[in-house]
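The following paragraphs lead the reader through a structure, one element at a time. Please keep the sequence and the three-dimensional view at hand while reading.

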Amino acid sequence: MFYDIIAIWQKYNYVFIEGVKWTVILTVITVFFGTILGVLIAFMKMSKVKILNAITALYIEIIRGAPMLLQLYFFWLWLPKAMPFEMSERDCIIVALIINSSAYIAEIIRAGIQAVDKGQTEAAKSLGIRDSYMMRYVILPQAVKNILPAIGNQFIFMLKNTSLASTFFIGELMTSWRTVQTATYKPIPALIIVGIIYVGMTWTLTILLGRFERRLAASD
Amino acid sequence: MTDVLLKVENLKKNFGNLQVLKGINQTVRTGEVVSVIGPSGSGKSTFLRCLNLLERPDEGEIWFDGQEITQKGINIDLHRQKMGMVFQHFNVFPNMTVLQNITLAPILEKKIPKDQAEKQAMELLESVGMADKRNEYPRRLSGGQKQRLAIVRALAMEPKVILFDEPTSALDPEMVKGVLNVIKDLASSGMTIVIVTHEMGFAREVSDRVLFMDNGVIAEEGTPEEIFENPQHERTKEFLSQVL
């Protein structure tokens, strides 16, 4: 087994590296655009307009409630039909991943903002500072300290969950495993290699995130 | 000492089924120092927080500086700029330095140039003995320093009245005096003050008028001498015998 692992790595390492590349690209894009969309949804959910609250609450419940694989299938099937322009399978999956993480990130942002001490809002109001300035100068800078570590966790979560995209063979790390096992008929050694890479990546990220969190906490 | 700065008429406030304020009528004149005392749960803080509409009254009118601020469609921010408030838990902004805490509202809302706002902030900091702390973040300050910062932050808006909501209740005992001295100085400088406090000695010393609140109403009011030496109401007597 050990020799199989070494042999497969030596022969196919470029396939795994290509897979890592796409896993990282998918994760970065997903979390980045998921955050932009998530900010929008979070503010809509907190707004005073009832209809916006209802729509965003429903959006979040559906996306968090339905399995991710189901959502990937849905967008993979539906988007090419619904859109007037051509979309590759990979584009459809990226959109699905962005929408999925936007719901989680929206909740992270909302919780981070609402966790800021109520006294801060009252102090800003008592000074006659209007709501938009209060958000920008008082609440958000404090909320960011709650939000960033949680988005870091979301990043790690997405790094693993992009593996579901291998169902559609779109080239991330889990797809690399499928490629290699087809070529070698040795699924287990290839799977161990992929597993080591995943754990290595999440482990590294967890350590970096831990350091980052301690630095944030120190500046409080 | 004659013109009315704050006028409250038939103020009522409920939290759910609980009636916290049951119809309050009060007038505060410019330059007056009014202390609000009474047992906890009597509605003192709620009364104070209604004055700048941090709590929305359910009924009644509040007039400030000749304007009814309980009217619909009024821009309350503009009025709050003229009513400072100091909280029990300081509520200084932890993400800003001492100087930034003070200059934030003047720069944003009164459009005062930054250098001018900082100059004024430094004068205020000096008056409370905190000039050397100007670039510190609040986490490096003691409770007493945080509260003095909160007072100075309110003063920087040049308010016509300052509302104090139990300003020394969250302080360590050795910090109380410093903060009370700052408030005393303010009182003798002619600032209009409404203060909810449990510091009876202080209320007696600085107030022009003392309000005793009980069960959502002002049960008794008068000069400090009248309230502390010759209380009329049974509840006032009972309360004072417990705290003095």
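Predicted model: local features only at pLDDT ≥ 70, side-chain atom pairs only at ≥ 80, totals over all residues.

Which residue in β8(B) does B:Val36 stand opposite? The residue is B:Val196.

Residues are numbered from 1 along each chain as its sequence is written, chains are lettered from A and ligands numbered from 1 in the order in which they are written, and side-chain values use heavy atoms, with hydrogens and water left out.

B:Val36 belongs to β3(B), the strand of residues 33–37 in chain B. Helices (H or I, at least four residues) and strands (E, at least two) are DSSP runs, numbered from the N terminus. Because five of its five residues are buried, β3(B) is largely enclosed by the rest of the structure. Buried here means under 20% relative accessible area, exposed means over 50%, and partly exposed lies in between (1.4 Å probe, protein chains only). In a regular strand the side chains alternate between the two faces of the sheet. In β3(B), B:Val33, B:Ser35 and B:Ile37 are on one side, B:Val34 and B:Val36 are on the other, and both faces are covered.

Two strands are said to pair if DSSP finds at least two bridges between them. β3(B) runs parallel to strand β8 (residues 192–196) of chain B, and four bridges join them. Four bridges also join β3(B) to strand β9 (residues 209–214) of chain B, again in the parallel sense. The bridge partner of B:Ser35 in β9(B) is B:Val210.

Strand β6 (residues 83–86) of chain B is likewise covered on both faces, with B:Met83 and B:Met85 buried on one side and B:Gly84 and B:Val86 buried on the other. Four bridges connect β6(B) in parallel with strand β7 (residues 161–165) of chain B.

Nine bridges hold the antiparallel pair formed by β2(B) and strand β1 (residues 4–15) of chain B. One residue of this pair is B:Val8, whose bridge partner in β2(B) is B:Gln26.

The helices of chain B may be considered next. Helix α4(B), residues 114–127, has 14 residues and should span 20 Å at 1.5 Å a residue; its end C-alpha atoms are 20 Å apart, which agrees. The expected span is 1.5 Å times one less than the number of residues. The buried residues of α4(B) include B:Ala117, B:Gln120, B:Ala121, B:Leu124 and B:Leu125. An α-helix has 3.6 residues a turn, so residues three or four places apart point the same way. The buried residues of α4(B) pack against α3 (98–109) and α5 (143–155) of chain B. Just after α4(B), B:Gly129 takes a positive phi of about 70 degrees.

B:Gln145 lies in helix α5 of chain B. Is this residue buried or exposed? B:Gln145 counts as buried because its relative accessibility is 17%. Leaving aside neighbours within four places in sequence, B:Gln145 is in contact (heavy atoms within 4.5 Å) with B:Met130, B:Lys133 and B:Arg140.

Chain A has eight helices and zero strands. Its C-alpha atoms fill a box of roughly 70 × 45 × 25 Å along the principal axes, and 42% of its 220 residues are buried. Helix α7(A), residues 173–184, has 12 residues and reaches 17 Å from its first C-alpha to its last, close to the 16 Å expected. Among its buried residues are A:Leu173, A:Trp177 and A:Val180. The cover over the buried residues of α7(A) includes α1 (2–46) and α8 (187–218) of chain A.

A:Trp78, in helix α3 (residues 68–82) of chain A, is partly exposed, with a relative accessible area of 41%.
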